[in-house]
Amino acid sequence: MIAGSLFSYIVVAMLLLSIGLLGVISRKNIFVIYMSIELMLNAINLIFIALGRHHHSMSGHIMAMMVIAIAAAEAAVFLSLIVVLYRRKKSLDSDIFRTLAQKESL
Amino acid sequence: MLDVIFLLLSSFAIGGALGMVLFHQPVHSALSLILCIIALSGLFALLSASFLFMVQIIVYAGAIITLLIFIIMFLNVKEANLPKEPHKNITLFLGALGLIPLNILILRAFYKLPSSFLEKNDNFGDIKPLGMELFEHWLLPFELISILLLVALIGAVVFGRKEEA
């Protein structure tokens, strides 16, 4: 019985989390970085819900709902930031968005 | 039967996630992310979280990814505006090698847990017990989430405004 055990859900969630982390650390396209962050939040949601089912408590569901609300808030701010940065630099490369990090790149 | 559904859904989810990381065009990445998210909502339904199944489809696939695709089309990104990633496959491979120890650590920790699920009530995961739990034990975080959403709304409006000279 694969679908009835906690470990198989954790394996799927960890694979998704690793793919998301891989997208954040090794891609440069800022849209792909944003989507990888969303994917990691989804993997954490899956872990929360599987553990809630495992312990038979609803608290995991509540945490997953709060993660979804935070992801919605993050989506609004992140996408408007991307629009502002794209208007200024005309590029989606995350390497050139470093005006807060160094003075000389202004 | 449930095993077959689980294997199908998880392979769709992992395939969609891999496609999202590997595709060059952002629109293709967003479409494969939608596939991944819908397969994940099916996994939520397998875990008898029927309310979160609907929330996942409505909020994620319906609102967030649609907003993302809308922004991608609104920006009208050309090939010249995309970053050139000549060593993409090598960095992805090296990153995957670096993430193996983390996975082994966490999966070993979970392997020790008792693996089968407890018996569930009839209405586990429905909207009524979720609402009871939310308003009995989690009232303050719920209200703080509403403040967070208000702040994010104001922040998005401020960022999206046309700049005066």
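Contact between chain B and chain A

Modeller: In this predicted model, 8 residue pairs are in polar contact between chain B and chain A, both residues being at pLDDT 80 or more.

Biologist: Which helices of chain B supply at least two residues each to the side that touches chain A?

Modeller: They are H1 (2–22), H2 (26–46), H3 (50–75), H4 (88–111), H5 (127–137) and H6 (139–160) of chain B. H3(B) gives the most, with 13 residues. By class, that side of chain B has 62 nonpolar, 15 polar and 10 charged residues.

Biologist: Why is the pair B:Glu85 and A:Arg27 called a salt bridge?

Modeller: The N to O distance between their side chains is 3.1 Å. The cut-off for an Arg nitrogen and a Glu carboxyl oxygen is within 4 Å, so the pair qualifies. The count between chain B and chain A is 1 salt bridge.

Biologist: What makes H3(A) and H6(B) roughly parallel?

Modeller: Helix H3 of chain A (residues 59–89) packs with H6(B) at an angle of about 10°. Angles under 35 degrees count as roughly parallel, and the two helices are therefore given that term. Their axes are 9 Å apart.

Biologist: Which residues make the contact of H3(A) with H6(B), and how do they divide by class?

Modeller: Among them are A:Met66, A:Ile70, A:Val77 and A:Leu81 of H3(A), and B:Phe142, B:Ile145, B:Leu149 and B:Phe159 of H6(B). The division is 16 nonpolar, 2 polar and 1 charged.

Biologist: How much area is buried between the two chains, and what share do carbon and sulfur atoms give?

Modeller: The buried area is about 7300 Å², with 78% from carbon and sulfur atoms. The contact takes 87 residues from chain B and 74 residues from chain A.

Notes. Residues numbered from 1 in each chain as written. Chains lettered and ligands numbered in written order. Predicted model: local features only at pLDDT ≥ 70, side-chain atom pairs only at ≥ 80, totals over all residues. Heavy atoms only, no water. Contact = heavy atoms within 4.5 Å. Buried area = accessible area lost by both parts, 1.4 Å probe. Polar contact = N/O pair within 3.5 Å; in protein donor to acceptor, adjacent residues only side chain to side chain. Helix = DSSP H or I, 4+ residues; strand = E, 2+ residues; numbered from the N terminus. Nonpolar A, V, L, I, M, F, W, Y, C, P; charged D, E, K, R; others polar. Axes fitted to C-alpha atoms, helices over the stretch in contact; angles between N-to-C directions. Parallel < 35°, antiparallel > 145°, perpendicular 65-115°, else oblique.
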